[in-house]
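Subject: Structure handover

Hello,

Please find the structure below. My notes on it follow.

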Amino acid sequence: MSHSTRCAACKSLRRRCPKDCVLAPYFPPTNPQRYACVHKIFGASNTTKMLEQLPLHLRAVAADCMSFEASSRVEDPVYGSVGIISQLQEQIIEAQSELVKTKGEIAFHNAQQQLQQQQMQQLQMIHAVAQEGEDQPSWLSSSQQDPFPNVNQQILEDYNYSNTFCGFEF
Amino acid sequence: MSSSNSPCAACKLQRRKCTQDCVFAPYFPADQPQKFANVHNVFGASNVAKILNELNPVQREDAVNSLAYEAEARLSDPVYGCVGIISILQYKLKQIQISLYNAKQELARFSSGQAIHPTLYPPGFIPKLQHLDNPSSSSSVLPYIPTGADTHGSQLAIRETQRQLHQQQQQQQQHMLQMQQQIFEEQKMVAAVAAREQQEREFVRFNTGFDPPATLGSINTNGYNQRNDDAAAAAVSPLALGTFENPYPIQTQVAEPQHHLQPQQGQQSQPQQQVGKQGG
């Protein structure tokens, strides 16, 4: 592969861009800023060394990641991309605690609902029993109206007739 | 503060005299040689010195620790480095946010359910309940049962609550749509990253003869071991003073290069231009 124009790396280093330049495919001359960040943070030789250690099909991805890390470090010289990592970790912890709290509230509501359903069933049973109690004859439920609550009515009539002579009382 | 008798790890590695104004000495003690070795391998001593000299002395310790962390991440994962960790954390965060959203939806259903069904018992049931129920078990267990007298007021309250819930649900649906779009994009990126990780592991296995760690976070350094998320959070928390106030621009900023990771196979000019915008 020949490079009629120098890549951004060779331009920055003010050298001839050879045909087998390691950096040329990943740092085109159209984007000098990209290589400038990488050069400032990692340096030309470190960048070349790291890319040479990788197989060809992984170098593009690696160059992109290095470029991102370098630009993060240029923007934030103290923390760089590690600042992004720590902030993401904080967000994860915060979201996890909120999730646990919400799940606790759901569990509480579920338990309340189950309790209410159980009470509903119990009350329905009691109501059914109470309804059955209302259907029985009224004199059975009040002992004052019937002096002989356990005696058959026919026997009473027979007794009353036998105490009279053809209907006359003695 | 190092004396001429005990050079700092940096001066030891570079085999030079450690002076009293050595910029590395306070941050690379002699008992941690690996720390400087990693930083030197990835960034180079001169670049590190330039970075430290541009900072206030107060900020230098954090800067050194973050550089050490980044160097170790890059040595553990020569392809993705810290970007791999960021990608995994973003994915994890999205998963938790989805679970949280679903949980909040479920919680909102409870509230709407209770507002729509205020009476739990048939009318006329209450007097018998009071007569027949065991007084010792009645009061605190039973829920509030509105009588017929305040039915109208409760209906107005129900309508208002339903309106509020409807508004909340609409907002939640819009938010959910946005999240779903972001999630879909992130999942595509993560799938691409996972595929490349697999390729990388195969490469490392081929080159070194042993399997790399399954998770990208297995970094064994003082205070930056990410095998345990809690330890990592605790360890990195001194550095959790990032300048990024709003997480969404950060996620956008991080997402841009990862978009490049997907179409990288064979196409380089377009993504590199976009990354260049970041570096500006």
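**Helix α3 of chain A**

In α3(A), the buried residues are A44(A), N46(A), T47(A), T48(A), M50(A) and L51(A). Buried means under 20% relative accessible area, exposed means over 50%, and partly exposed lies in between, with a 1.4 Å probe and protein chains only. Helices are DSSP runs of H or I with at least four residues, strands are E runs of at least two, and both are numbered from the N terminus.

Two points on the source. This is a predicted model, in which local features need pLDDT of at least 70 and side-chain atom pairs count only at pLDDT 80 or more, while totals for chains, interfaces and linings use all residues. Residues are numbered from 1 along each chain as its sequence is written, chains are lettered from A and ligands numbered from 1 in the order in which they are written, and side-chain values use heavy atoms, with hydrogens and water left out.

Back to the helix. What do the buried residues of α3(A) pack against? In chain A, they pack against α1, α2 and α4 (56–75). In chain B, their partners are α2 (33–42) and α4 (57–76). Contact here means heavy atoms within 4.5 Å.

N46(A) sits in this helix, which spans residues 44–52. Its relative accessible area is 9%, so N46(A) is buried. Leaving aside neighbours within four places in sequence, N46(A) is in contact with H40(B), N41(B), V42(B), F43(B) and G44(B). A polar atom of the N46(A) side chain lies 3.3 Å from the backbone oxygen of V42(B). That is a polar contact: a pair of N or O atoms within 3.5 Å, where within protein one must be able to donate a hydrogen and the other to accept it, and residues adjacent in sequence count only if both atoms are side-chain atoms.

**The two chains**

Chain A has seven helices and two strands. From the N terminus, its order is α-α-α-α-α-α-α-β-β. Chain B has ten helices and zero strands.

- Chain A has 170 residues, and 42% of them count as buried. Its accessible surface is about 10300 Å², with 54% belonging to carbon and sulfur atoms.
- Chain B has 280 residues, and 43% of them count as buried. Its accessible surface is about 15600 Å², with 52% belonging to carbon and sulfur atoms.

Accessible areas come from the Shrake-Rupley method with a 1.4 Å probe; for residues, only the protein chains shown count as cover.

Now contacts along the sequence. In chain A, take those with a separation of 6 or more: residues 24 or more positions apart account for 38%. In chain B, among contacts between residues at least 6 apart, 56% join residues at least 24 apart.

**The nonpolar core**

The largest nonpolar core has 80 residues. Such a core is a set of buried Ala, Val, Leu, Ile, Met, Phe, Trp, Tyr and Cys residues joined through side-chain atoms within 4.5 Å. Which members touch the most others? They are F27(A), F42(A), F24(B) and F43(B). Helix α5 of chain B (residues 82–116) gives the most to this core, with eleven residues.

F42(A) touches residues of both chains, not counting those up to four places away in sequence. Among them are M50(A), M66(A), V42(B) and F43(B).

F27(A) is in the loop between α1 (8–13) and α2 (32–41) of chain A. Its relative accessibility is 1%, so F27(A) counts as buried. F27(A) and C10(A) are 17 residues apart in sequence and 9.4 Å apart in space, C-alpha to C-alpha.

**Aromatic rings**

There are five aromatic pairs over all chains. Rings of Phe, Tyr and Trp (its six-membered ring) pair if their centres lie within 6.5 Å; planes under 30 degrees apart count as stacked, over 60 as edge-to-face and the rest as tilted.

F24(B) and F28(B) make an edge-to-face pair, 6.0 Å centre to centre with 65° between the planes. F28(B) and F36(B) have centres 5.1 Å apart and planes at 80°, so this pair is edge-to-face. F24(B), F28(B) and F36(B) form one aromatic cluster. F24(B) and F28(B) are buried, and F36(B) is buried too.

**Two loop arginines**

R14(A) lies in the loop between α1 and α2 of chain A. Its phi is near 55°, a positive value in a residue other than glycine. R15(B) lies in the loop between α1 (9–14) and α2 of chain B. Phi of R15(B) is also near 55°. Most residues other than glycine have a negative phi. R14(A) counts as exposed at 75% relative accessibility, and R15(B) counts as exposed at 78%.

Best wishes
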